[in-house]
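Thanks for passing this one over.

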Amino acid sequence: SQELEQSPQSLIVQEGKNLTINCTSSKTLYGLYWYKQKYGEGLIFLMMLQKGGEEKSHEKITAKLDEKKQQSSLHITASQPSHAGIYLCGAVHTSGTYKYIFGTGTRLKVLA
Amino acid sequence: EAQVTQNPRYLITVTGKKLTVTCSQNMNHEYMSWYRQDPGLGLRQIYYSMNVEVTDKGDVPEGYKVSRKEKRNFPLILESPSPNQTSLYFCASQTAGGVYEQYFGPGTRLTVT
């Protein structure tokens, strides 16, 4: 079973709409990352969260990590076609190691 | 420019023919890692290295070897590739000693027939 569950698996929204992608783990996460990937290409770093309750924003994207550090959400406000791609969450799930796990990704399409 | 480079970017090979995918970073990062990405399975860690001569297994190390003789390079070796190793491979690096951003290479698409 996947240790990091992402939902939804895919999302189609109209340009200008808001959307949220979730990333959930049954274990405490030590460092939660959000990346964006164009199909078949490399990963672009978006944000990293480390503390319970932490929230970060960059342009129209906001990421939050819950107090228990088991769930994160990525929220895009007023989506644009440039936001289209695959969004991946990743995390260190064992403190003191560099063993990373990743979700299976959320494929986002934004209709102009 | 800070970057992680991988070569080759695309490779088609046959079962059993040894191959090496190179990875190099110019950021003086201690930590480097290899991942494979497969549809429906996401990104899975193969091996990682905390520094020169220090490597450890990730979640899917079977069929792969790595070496870290120099800080900047972390090659991935497939001694006897099989079709189930057909995948998209990514190398990544980061500063060690805490939770930092991982920088990813552009990927190597490998097909084993």
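Here are my notes on the disulfides.

1. A word on the ground rules: this is a predicted model, where local features need pLDDT of at least 70, side-chain atom pairs count only at pLDDT 80 or more, and totals for chains, interfaces and linings use all residues. Residues are numbered from 1 along each chain as its sequence is written, chains are lettered from A and ligands numbered from 1 in the order in which they are written, and side-chain values use heavy atoms, with hydrogens and water left out.

2. Over all chains you get 2 disulfides (a pair of cysteine sulfur atoms within 2.5 Å counts as one).

3. In chain A, the partners are A:C23 and A:C89, with sulfur atoms 2.0 Å apart. The torsion about their S-S bond is about 80 degrees, so this disulfide is right-handed. A:C23 sits in strand β3 (residues 19–25) and A:C89 in strand β9 (residues 85–92), so the bond ties together parts of chain A that are 66 residues apart in sequence. Strands here are DSSP runs (E, at least two residues), numbered from the N terminus.

4. Are these two cysteines buried or exposed? A:C23 has 0% relative accessibility and counts as buried, and A:C89, at 0%, is buried too. Buried means under 20% relative accessible area (1.4 Å probe, protein chains only) and exposed means over 50%, with partly exposed in between.

5. In chain B, B:C23 pairs with B:C91, the sulfur atoms being 1.8 Å apart. This link is left-handed, with -75 degrees about the S-S bond. Strand β3 (residues 19–25) of chain B holds B:C23 and strand β9 (residues 87–94) holds B:C91, so parts 68 residues apart in sequence are tied together. Both B:C23 and B:C91 are buried.

Methods:
Helices (H or I, at least four residues) and strands (E, at least two) are DSSP runs, numbered from the N terminus.
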